[in-house]
Amino acid sequence: MFLLQVALVVLLVAFAVFALLMQSERDTSAEAKRRSIAVAQTFAHSPGVLTALKAPHPSAVLQPLTEAGRKAAGVDFIVVMDTHGIRYTHPIPDRIGKRFVGTIGPSLAGKVYTESVHGPLGEEMQATVPVDNADGHVVALVSAGLKVKNVTSQVDRQIPLILTAGAVALGVATGVTALVGRRLRRQTHSLAPDEMRRMYDHHDAVLHSVREGVLIVGDDGRLLLANDEARRLLDLPPDAEGRYVTQLSGLEPETVSLLASGREATDEVHLAGGLLLAVNQRPTDRDGGPRGTVVTLRDSTELQALSGRAEVARERLKLLYDAGLGIGTTLDVTRTADELAQVAVPRFADFVTVDLADGVLHGEEPGPTAAGVRRITVHGVRDDHPLYEKGRLIDFLPSTPQGRGFGTGRSELVTDLLTADGWYLQDPERAARMVDYGIHSLITAPILARGVVLGVVNFWRIKEHGPFDVEELSLAEELVARAAVSIDNARRYSREHAMAVTLQRSLLPRALPEQSAIEAGYRYLPAQSGVSGDWFDVIPLPGGRVALVVGDVVGHGLHAAATMGRLRTAVHNFSTLDLPPDELLSHLDDLVGRIDQDEACPEAAAGVVGATCLYAIYDPVTRRCAMARAGHLAPVLVHPDGSATFPDLPFGPPLGLGGMPFRTAEVELEEGTQLVLYTDGLIEDRNRDLDEGMELLRVALAGHPDRPPEQSCQAVLESLLPPRPKDDVALLIARTRALPSDRIADWDVPADPAAVARIRDAASATLEEWGLGELAFGMELVLSELVTNALRYGSEPIHVRLIHDRTLICEVSDGSSTSPHLRYAATTEEGGRGLFLVSQMTERWGTRYTPQGKVIWAELALPDDSWGC
């Protein structure tokens, strides 16, 4: 085929070259004739020719003129002759005077005559024209022409160009033929004509027998082809092909719009009669084909029905999957109920209400009936519903689906609430409003856990959606069953958490004791995840002093809370010994070590205790504060000028490690200084490090020296804590007070028994000044016994101090560390009754040790109207 095409192209090019040669030769001869005629006529009519012909020697005048004209006109000769054909001029001078070779008859008759002759120059092509005088008579002839070989040479000069153009045309045509042939072979897959005929026969057979409709629509919107299945699906008339798709009757407007638009479509569902067709449309000009579209139609009526059912099943499985992920994310009963409602609305129901037995909210077991049920969740697609509001306590009648659900533990489906008389009797007025609102269908599913009904979940639908069916009843039961486990877990957790918090709060101080050394404020926040071991305490000490304690037991749960209670009790017991902070922490460290030894076992890692503690003693008389810490964070001092600092307090190891001593540091505090003690839950957070938290605490406290401790506590918590703290927080803020100097009296006692009387007199005078004269007798007795014991059994220096505080405090110090003991003297003994009398005359008494010796103190109660005077 390709060779045939090439031969045809060569033949066409050869004919074209021959035609060009013939045309060139004809055009060249015609051009030569036109030029000869024009030159002859021009010379015949030139001025001076007639005058030259009348001259005695015409040749002498005309010969130069003809040669000049011949050269200028580009012809080979110009010959002027008389009417007899005798030449006056000629390019060859010896031919002048001889007879002209050619025909002159027509020219003598006044015509222009051209001819080819064999003349003196060889083969010539010449034109002869007459020369007329003023009367119109021919008086001479002029002939001009070209040699034939010159005309032929012009044609020969064009032959290479023509042949070159022919060769180029042949090459281009051959290349184009090759490309076209290659494209045809690619498009036909190198099929022979008979093979292509068979292929088109098969194509036509398949096109009209396939069970899928095929349409081809032209760019102008005409239907070019429709197979049998397309005609059947669309009910096309027999003459549909060739008509515009907009003129085809019976098609749905959406289908006509799609076919006329030419846009791409993938599995679009269109209605055709009673069928659902999946329509695909693609353009036909993607690979250089004609513009238009090809459309395939597939009957998907049954598939759509199956797909609809599968989609419903898939949506229900997805709903159950989302319920598994979204319900029960917290151990909170109300939050779990809210999560159930949010999952079900609007994918399953339009409104969801959750009603729980009121005791369940407090961690208790539910009652046997639907009385005393509290609505804890109301969630729906709209807010203007007529359902019972959230928080309402409801008593469902036994005739209602909710009441029957509580009694039987079985779910109930109400497809039409208008026919449910028992439901209507619960609250007729509200039921009527619900029906008018459009609520028409209900599923009530009991929340069943461990065989106990905790409450009911109600799924409601409004008129925009169809009623619930039996399959949806099973789905509702599955949703509620998943939520029931989480609600029961949350209920039991709430109960256990409440018990643990109650235990923990019972181990913490319910109120701060009365004392005048500090003004205190405190906050304690248990962790959301469970109780922990944080604690704080304010313990009044003898001499008007006060002990401030804050501690933290590592871990959470009842074990940590119980350990915290034991440590707090131990601190109280050790504080009665009036020990310095470092010694008290040493005793506490030993106690924790013993707890570890007693409770540690391979099966219970919780037996090992880790704890931190900070213990401080503030004396309002000297305004000095002694502090020591065991693995705890340093306190913050807020000075009266508003600055907040962390004192340089020596660090000690956490309690229970043993082997390392604790050290006490003393600082003198100005009156009004705030001492801030806290646990690590206040400043530690996963989003910030410890130093950043301590700096935030310092900033929250600084600049507010006059703010009351209670307000400072609240401000600190608002600045540092997230909405749901992960750890317990204990915060204690104490503003120091100083005892006025006019309420303190002290004397040095010389080592002389006679000094006892002078001390009694001085003390009595001081009590009179303080308005406590009625206590003079008792105070004199106490002073006599204590000073006498110091003189007799102690050592110098001996010092007496009276302090007018909430009680009247008497302190006698000496340089001996020997402590007196209370005993009952026999009737025959002369001594041993002094401390017994002291204990009877005072509210309490005791001994504390100092680096210089000991102090024996006693407190007398003040008259009711003497405090604060």
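The pLDDT is the predictor's confidence in each residue, on a scale from 0 to 100, and a contact is counted when heavy atoms lie within 4.5 Å. This structure is a predicted model, in which local features need a pLDDT of at least 70 and side-chain atom pairs count only at pLDDT 80 or more, while totals for chains, interfaces and linings use all residues. Residues are numbered from 1 along each chain as its sequence is written, and side-chain values use heavy atoms, with hydrogens and water left out.

**Confidence along the chain**

The average pLDDT of the chain is 82, and 87% of the residues score at least 70. Over residues 602–606 the pLDDT stays under 50, and the model gives this stretch 1 contact beyond four places in sequence. Residues 825–831 also have a pLDDT below 50, and here the model has 7 contacts beyond near neighbours in sequence.

**Aromatic rings**

Rings of Phe, Tyr and Trp (its six-membered ring) are paired if their centres lie within 6.5 Å, and the planes count as stacked under 30 degrees apart, edge-to-face over 60, and tilted for the rest.

| Pair | Centre to centre | Angle between planes | Type |
|---|---|---|---|
| Phe-348 and Phe-459 | 5.3 Å | 85 degrees | edge-to-face |
| Trp-423 and Tyr-424 | 6.5 Å | 65 degrees | edge-to-face |

Ring pairs join Phe-348, Phe-459 and Phe-468 into a cluster. Arg-461 lies over the face of Phe-348, at 5.8 Å from the ring centre, where the rule asks for NZ of Lys or CZ of Arg within 6 Å of the ring centre and within 35 degrees of the ring normal.

**Buried residues**

A residue is buried under 20% relative accessible area, exposed over 50%, and partly exposed in between (1.4 Å probe, protein chains only). Phe-348 is buried at 4%, and Phe-459 is buried at 0%. Trp-423 is buried at 6%, while Tyr-424, at 35%, is partly exposed.

Thr-736, found in strand S25 (residues 729–736), is buried with a relative accessible area of 3%. Leaving aside residues up to four places away in sequence, Thr-736 touches several residues, among them Ala-517, Tyr-618 and Leu-669.

How values were computed
Helices (H or I, at least four residues) and strands (E, at least two) are DSSP runs, numbered from the N terminus.
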